[in-house]
Amino acid sequence: MRSSKEKNIFPFIKKTIENVYTSYGYDEIDIPMFVNADLYRKYKGVPGNKFIKFIDRTGDVLVIRPDATFNILKKVNACGEKTKQRYYYQTEIVRYMSEDHESNQFLQSGIEFFNDSSPICDSEVISIGIKSLLAIGINKIRVDIGHSDYIYALFDDEKKLTKKDHQLIHEYIAQKNTVDLDIFLTKKKINKDLSEKVLDLCMLFGDYQTVIKQARDMCINDTMQKALDNIEQIYACLEAYDLSSYVYLDLGFSNPMDYYSGMIFKIYADEAKEEVISGGRYDALASKFGSRKHACGFGHNLEISEQLLRNDKIWSEERVLISCIDSKSSECIKLSETIRNEYGLKVELNSSKDKFSIEYQNKKYDDSKEFIDYIEGRVD
């Protein structure tokens, strides 16, 4: 169960980031809770062992919303809407994490941008992710950008690798597990030059300007060059947003389930154990499940953001607590209404047998005039 303070932080987060989304022209979309399990397995957005499933009255196996993007694709496809291309959502996601069922659901927010394959679209999605975190007060962040084509293009001439082989290679790269990766590549008799490049790829992350040069030197075909061209175009757009200082490169991003088909990014925050926001381009899936040629978006784990704000005490709720004694009931009611209507603050009016007082931002006032003078000065 969430504490009252946690419940108060979530509305602040949701409203604040909603303002960021709508300022870019995104419309809210509601998404269904249930989807056919067999259909969702074809989507490959979330591993099957993460599903929370049940059987309906007809015997069909349903899965409870393990992802938002798939449901949005199905909904926009069903309604036939072709003109609108920007959507945002805020919803509960349900995935199996442990036997503690309360921990198997979390609040997620995000955006989806359809029918645009340009660097302008990709940079807009990334910029909204950055700005939504800055807007709620999470300022110590970094954005890691990669590209799915860059890794896959390394193996264009290696026809002997199976799909499972590719998945395992991606897992090792994501874990920066060069030891097991080296053993696996040797077992598969991958030539030495290519193996060395793949192992180097694991460590190809860091400062943008440094890594982009190293990445160019590693290219062995046009596909890899074009992936870097795309990243450079996106980076130029982020410079125009004045957000490039947050950007780093990680060309070892994994894509084991073939989910992404282009740019990939993750946003990390100090003190967070995992990424707060993750997303990228998923044109192939959008075309297959949503009749959209192009798509880019992200998911924002609001539970992590809430935890960061609460732990670091960088969020304080604008709430006034008035303790009212019986002899001042009318005066306190009028005072609370004045504070609500004229200063836009939340006010809790509570009866007290002790004495009259006002508490605001961890400071107590015994005199209402003193408090109003403080608020007046702050407003001015």
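How many disulfides does the count come to? I took a disulfide as a pair of cysteine sulfur atoms within 2.5 Å, and by this rule the count comes to zero. C324 is in no disulfide, and the nearest cysteine sulfur, that of C332, is 3.0 Å away.

I noted the basis of these values. The model is predicted: local features need pLDDT of at least 70, side-chain atom pairs count only at pLDDT 80 or more, and totals for chains, interfaces and linings use all residues. Residues are numbered from 1 along each chain as its sequence is written, and side-chain values use heavy atoms, with hydrogens and water left out.

I then checked burial (buried is under 20% relative accessible area, exposed over 50%, partly exposed in between; 1.4 Å probe, protein chains only). C324 counts as buried because its relative accessibility is 7%; C219 also counts as buried, at 15%. Of the 380 residues in the protein chain, 46% are buried.

Next I looked at helix α9 (residues 208-218) and helix α10 (residues 222-240), which pack at about 160 degrees with axes 9 Å apart. That angle makes α9 roughly antiparallel to α10, a term for angles over 145 degrees. I listed the contact residues (heavy atoms within 4.5 Å): among them are I212 and M218 of α9 and L228 and Y235 of α10. The residues of this contact divide into eight nonpolar, two polar and three charged; I counted Ala, Val, Leu, Ile, Met, Phe, Trp, Tyr, Cys and Pro as nonpolar, Asp, Glu, Lys and Arg as charged, and the others, Gly among them, as polar.

Terms used: Axes fitted to C-alpha atoms, helices over the stretch in contact; angles between N-to-C directions. Helix = DSSP H or I, 4+ residues; strand = E, 2+ residues; numbered from the N terminus. Parallel < 35°, antiparallel > 145°, perpendicular 65-115°, else oblique.
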